Each structure stands twice: as C-alpha cells, then as structure tokens.
Amino acid sequence: MKPLNMNKVDLFTRQLVGEFQQSRLLLLSELSLDELIANNAHILLNMDHYQAGSFIKISMDAYLSSKEKSQIYFMLRKLALFIIIDLHNGVESDQPGVDFEFTKNDMYFLVSMQSRIEWNYSSTDLFLIQALCEQEEKIIRILPNLKIRKVIGEYLGHSQPTMINNCTWCIKGKSFWELISGDANFYFHHIQNLIHQAINNNEDFVYKRDGKENILTKDFIKQYCDLSWSINWKQIYNK
C-alpha cells in the first residue's frame with residue numbers, strides 16, 4: 001500500500017475546517033427565537049431559575065451543539081472518503097446503508113458508518129448488517145472468489161474492535177482511521193486536532209454568537225415577559 005500523502009491531507013483538512021466554520025456562521029445567522037423556543041421549551045420547564053438570558057444561553061448551547069455534531073459527522077465523512085479514494089482507489093457505495101468500498105491487502109472492504117456518538121447495539125446496527133450482506137451477495141454473484149470483509153465503523157472513539165454475529169467487524173474511531181490510513185496514530189494526531197481546530201479556532205464565531213445571544217435575549221424579553229419583567233408562561237404555552 002502506498003503511503004498517505006500528508007501534504008494533500010493537510011490541505012484538504014484546512015478546506016474542511018473553513019467549510020465547517022462557514023456552516024456554523026450560516027446556522028447562527030439563520031437561528032430565530034421561534035425556532036429556539038420550539039426546540040427547547042423543555043429547558044424552560046426544567047430550569048430552577050427563570051431568567052431570559054439564562055434560557056437563551058442554555059438553549060443556544062444545546063441547539064448549536066446538536067447541529068455541530070451533525071456537521072462534524074459530515075466533515076469526517078468527507079475526509080474518510082478523500083483518503084479512501086486517494087489511497088485505495090475506493091468509492092462511495094451506491095448501496096443504501098453502505099458508505100464505502102475499497103480494496104486493501106487483497107481484501108475487499110464494505111464499510112457502513114454508524115453516526116451515533118455512543119455505541120449501542122440496536123436495530124440500526126441490524127439494518128447496517130443487512131445492507132452489508134445484501135451488497136456482499138451482489139458482489140459474490142459477479143466475483144465469487146473475492147475475499148470480502150464487512151465493517152461497521154464509527155468516526156470517533158478508540159475502543160477495541162468487536163465482532164457481531166461472527167461476520168461483521170465493528171471498529172470505532174482510532175481503529176477505523178488506522179484501517180483506511182495505515183497510520184496507527186492518525187486518529188490522535190489528526191482527527192482530534194481537526195475537530196479542535198474546527199470548533200475552537202474561530203474568534204469570529206464567538207463574537208457573532210455573543211451578539212446573537214444578546215439579540216435573542218432582548219427579543220425574548222420583549223415578546224414573552226410581562227410588565228413585571230417575569231416570563232409570561234401562558235403566552236409561551238399557547239404559542
């Protein structure tokens with residue numbers, strides 16, 4: 001297997017960081033008070049103090065964190081596909097439920113990526129296993145002697161690989177990136193650093209996020225606080 005061209009990888013990751021930060025700014029600019037309340041009304045019900053500013057801050061943190069997880073997933077997916085194409089001449093699979101297909105060391109890999117942060121064996125995993133088996137059957141009809149390994153992967157984490165039903169490998173984070181890059185330290189040296197750069201190295205986002213929080217707090221007080229500056233719960237519930 002040829003070595004991974006880290007200059008190309010570094011250039012691509014810088015591009016991914018830029019795209020991620022732009023998408024965060026767009027998400028922030030489009031965030032409305034109505035959307036924040038609709039998605040986080042339960043936070044109001046569970047708060048032990050009822051200050052408009054506290055609700056807006058907690059709600060924005062929860063909303064943006066949820067969206068960021070999806071954005072990070074797609075960012076890592078793009079990087080994985082970039083490496084698979086560049087290093088293994090692999091492809092993005094056209095089989096629903098299967099993400100990547102590539103050959104390494106005379107073994108043909110079928111890979112389905114699990115999107116959850118926490119690993120739990122569930123009906124989702126069973127769907128992925130079924131998708132992998134269906135694709136395997138299609139390939140074997142054409143290439144009956146091809147050695148195939150089915151994999152369910154996850155972009156984050158570093159637990160040891162496990163086996164499901166004696167036929168499908170489950171590899172998480174570190175093991176997945178080692179499989180496709182050939183570098184046992186790729187996860188710690190590059191993936192964790194990529195996520196840190198994307199989330200933390202963005203002063204423009206911090207500045208605009210604080211401004212958005214102030215605007216939403218002002219609008220919340222104006223729309224949902226009564227003359228005594230207390231939250232008008234009835235108005236929120238009837239919304």
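Predicted model: local features only at pLDDT ≥ 70, side-chain atom pairs only at ≥ 80, totals over all residues.
Residues are numbered from 1 along each chain as its sequence is written, and side-chain values use heavy atoms, with hydrogens and water left out.

Let me begin with charges. Side chains of opposite charge can pair when their charged atoms come close. I will call a pair a salt bridge when a side-chain nitrogen of Lys or Arg is within 4 Å of a carboxyl oxygen of Asp or Glu, and by this rule the count comes to eleven. One of them joins R24 and E68, with 2.7 Å from N to O; R24 sits in helix α1 (residues 6-30) and E68 in helix α3 (residues 52-88), 44 residues apart.

Are R24 and E68 buried or exposed? Here buried means under 20% relative accessible area, exposed means over 50%, and partly exposed is in between, using a 1.4 Å probe and protein chains only. R24 is buried, at 4%, and E68 is buried too, at 13%.

A second salt bridge is formed by D61 and R209, whose closest N and O atoms are 2.6 Å apart. Because D61 lies in helix α3 and R209 in helix α7, this pair ties together parts that are 148 residues apart in sequence. D61 is partly exposed at 35% relative accessibility, whereas R209 is buried at 10%. Both residues also belong to a network of salt bridges that links K57, D61, R209 and E213.

Now to the largest pocket, which holds about 150 Å³ of space. A pocket is found on a 1 Å grid over the protein atoms alone, as an open set of points where there is protein on both sides within 12 Å along at least five of seven lines, and its lining residues have an atom within 4 Å of a point. The volume is the space filled by probe spheres set on the points, which are joined across faces, edges and corners. Among the lining residues are K104, N105, F109, R149 and W169, and the elements that give two or more residues to this lining are β4, β6 (168-172) and α5 (174-181).

Finally, the surface. I142, L143 and L146 make a nonpolar patch of about 280 Å². L143 lies in the loop between α4 (123-142) and β4 (148-154), and L143 is partly exposed, with a relative accessible area of 46%. Patches are made of residues with over 30% relative accessible area and no salt bridge, with like charges joined within 9 Å and nonpolar side chains (Val, Leu, Ile, Met, Phe, Trp, Tyr) within 5 Å, and the areas come from the Shrake-Rupley method with a 1.4 Å probe.

Definitions and conventions:
Helix = DSSP H or I, 4+ residues; strand = E, 2+ residues; numbered from the N terminus. 1 Å grid on protein atoms, 1.4 Å probe; cavity = no way out; pocket = protein on both sides within 12 Å on 5 of 7 lines; lining within 4 Å.
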